[in-house]
Structures are given as structure tokens and as C-alpha cells.
Amino acid sequence: MGGKYIIASLAGTFAIAYAVDHLIADKKIFGGTTPKTVSSKEWWEETDQKFIVKQVYRQKVSEAKQ
């Protein structure tokens, strides 16, 4: 009996949270701009490259310990 109210409340909460997030983050109702690091493809590629280098280094260190 009470389950339907809980499910409905959760669904309503998620709908409200999504709407508020969309208004604030995507529509920028309080102003502001998107940072360059988010919109720059070059930045993403360089960051990914750094993570790949760290991952390879960790694998080599792990192999050397064994």
C-alpha cells in the first residue's frame, strides 16, 4: 500500500532534481559560461594522454615488484 507512495515520491524527486539541474547547469539561469577545459577538445586529449602515461607507469612498477 505504502509502496506506491514511496515509488511516486522517488520518481517525483528525480524529475524535480533533473529539471533544476537542467535549468541551472545547461540553461545557465544564474549566468556564467562553460569553462574552456570542458569545451576544448585539445585539453581532453592531453588529459587523456597524461592518464594513459600514468597507467602504463603503474603497470611497469607493478610488474617490477613481482
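Predicted model: local features only at pLDDT ≥ 70, side-chain atom pairs only at ≥ 80, totals over all residues.
Local features are given at pLDDT of at least 70 and side-chain atom pairs at pLDDT 80 or more, while totals for chains, interfaces and linings use all residues. Residues are numbered from 1 along the chain as its sequence is written, and side-chain values use heavy atoms, without hydrogens and water.

View 1. Helices (DSSP runs of H or I, at least four residues) and strands (E runs, at least two) are numbered from the N terminus. Along the sequence the pattern reads α-α-α. The radius of gyration is 22 Å, well over the 11 Å that the globule rule gives for 66 residues, so the chain is more spread out than a compact globule. That radius is taken over C-alpha atoms, and the rule is 2.2 Å times the number of residues to the power 0.38. Along the principal axes, the C-alpha atoms fill a box of roughly 60 × 40 × 15 Å. Of the 66 residues, 3% count as buried (under 20% relative accessible area; exposed is over 50% and partly exposed is in between, with a 1.4 Å probe and protein chains only).

**View 2. A nonpolar surface patch that includes Ile29.** Ile16, Val20, Leu23, Ile24, Ile29 and Phe30 make up the patch, with about 610 Å² of accessible area together. Areas come from the Shrake-Rupley method with a 1.4 Å probe, and for residues only the protein chains shown count as cover. Patch members have over 30% relative accessible area and no salt bridge, with nonpolar side chains (Val, Leu, Ile, Met, Phe, Trp, Tyr) joined within 5 Å and like charges within 9 Å. A salt bridge is a side-chain nitrogen of Lys or Arg within 4 Å of a carboxyl oxygen of Asp or Glu. Ile29 sits in the loop between α1 (2-26) and α2 (36-39); with a relative accessible area of 49%, Ile29 is partly exposed.

**View 3. Ser40 in the loop between α2 and α3 (41-65).** Ser40 counts as buried, at 13% relative accessibility. A polar atom of the Ser40 side chain lies 3.3 Å from the backbone nitrogen of Trp43.

**View 4. Trp43 and Trp44, an aromatic pair.** A search of the whole structure finds 1 aromatic pair. Trp43 and Trp44 form it edge-to-face, 5.1 Å centre to centre with 80° between the planes. Rings of Phe, Tyr and Trp (its six-membered ring) pair if their centres lie within 6.5 Å; planes under 30 degrees apart are stacked, over 60 edge-to-face and the rest tilted. Trp43 is partly exposed at 36%, and Trp44 is partly exposed at 42%.

Key:
Polar contact = N/O pair within 3.5 Å; in protein donor to acceptor, adjacent residues only side chain to side chain.
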